[in-house]
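Hi,

Here is the structure I promised to pass on.

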Amino acid sequence: MTITEVGKKYDLSVDTLRYYERIGLIPPVPRTKSGIRDYDEESCRWIELMKCMRSAGVQINTLKEYVRLYQQGDDTMAARKELLINQREQLKLRMAEMEQSIKRLDEKINSYEQQGGYRP
């Protein structure tokens with residue numbers, strides 16, 4: 001798949017895809033004999049993973065570390081798993097904080113709806 005096709009498929013700009021590859025967020029993408037990026041299934045799985053993780057707020061440095069560990073081979077499986085577990089826990093904490101914020105906003109909205117005014 002070309003970079004343009006991949007960009008459309010994952011709703012990412014061509015510049016973002018190049019950036020992800022340049023900084024090591026995804027492993028180097030295979031290229032044709034003429035040097036044009038030719039995204040294969042594995043490359044697309046990496047893009048899908050990184051897009052998901054970035055949209056969840058996982059930091060770029062953490063994802064780069066994950067890719068680095070992956071490229072070192074099976075000896076790093078435990079470290080990669082631990083990294084993902086830690087990220088999952090951080091996301092759960094953020095979700096709990098967001099749920100509290102939503103609850104507080106709901107209370108404020110109800111205050112307006114039930115009493116016709118704002119109460120801090």
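A word on naming before we start: helices here are DSSP runs of H or I with at least four residues, numbered from the N terminus. Please also keep in mind that this is a predicted model.

Most residues other than glycine have a negative phi. Aspartate 11 sits in the loop that runs between helix 1 (3-10) and helix 2 (14-22), and its relative accessible area of 64% makes it exposed.

Helix 2 itself has two sides worth a look. Which of its residues are buried? They are Leu17, Tyr20 and Glu21. These three cover an arc of only 95° around the axis, so they lie on the same side of helix 2. In an α-helix there are 3.6 residues a turn, so residues three or four places apart point the same way. On the other side of helix 2, Asp15 and Arg22 are exposed. As for partners, the buried residues of helix 2 pack against helix 1 and helix 3 (41-55).

Helix 3 also holds glutamate 42, which counts as partly exposed because its relative accessibility is 37%, between the 20% and 50% cut-offs. From glutamate 42 to proline 27 the C-alpha distance is 9.5 Å, with the two residues 15 apart in sequence.

Happy to hear what you make of it.

Best wishes

Note on methods. Residues are numbered from 1 along each chain as its sequence is written. This is a predicted model: local features need pLDDT of at least 70, side-chain atom pairs count only at pLDDT 80 or more; totals for chains, interfaces and linings use all residues. Side-chain values use heavy atoms; hydrogens and water are left out. Buried means under 20% relative accessible area, exposed over 50%, partly exposed in between (1.4 Å probe, protein chains only). The arc is that of the directions from the helix axis to the C-beta atoms. Contact means heavy atoms within 4.5 Å.
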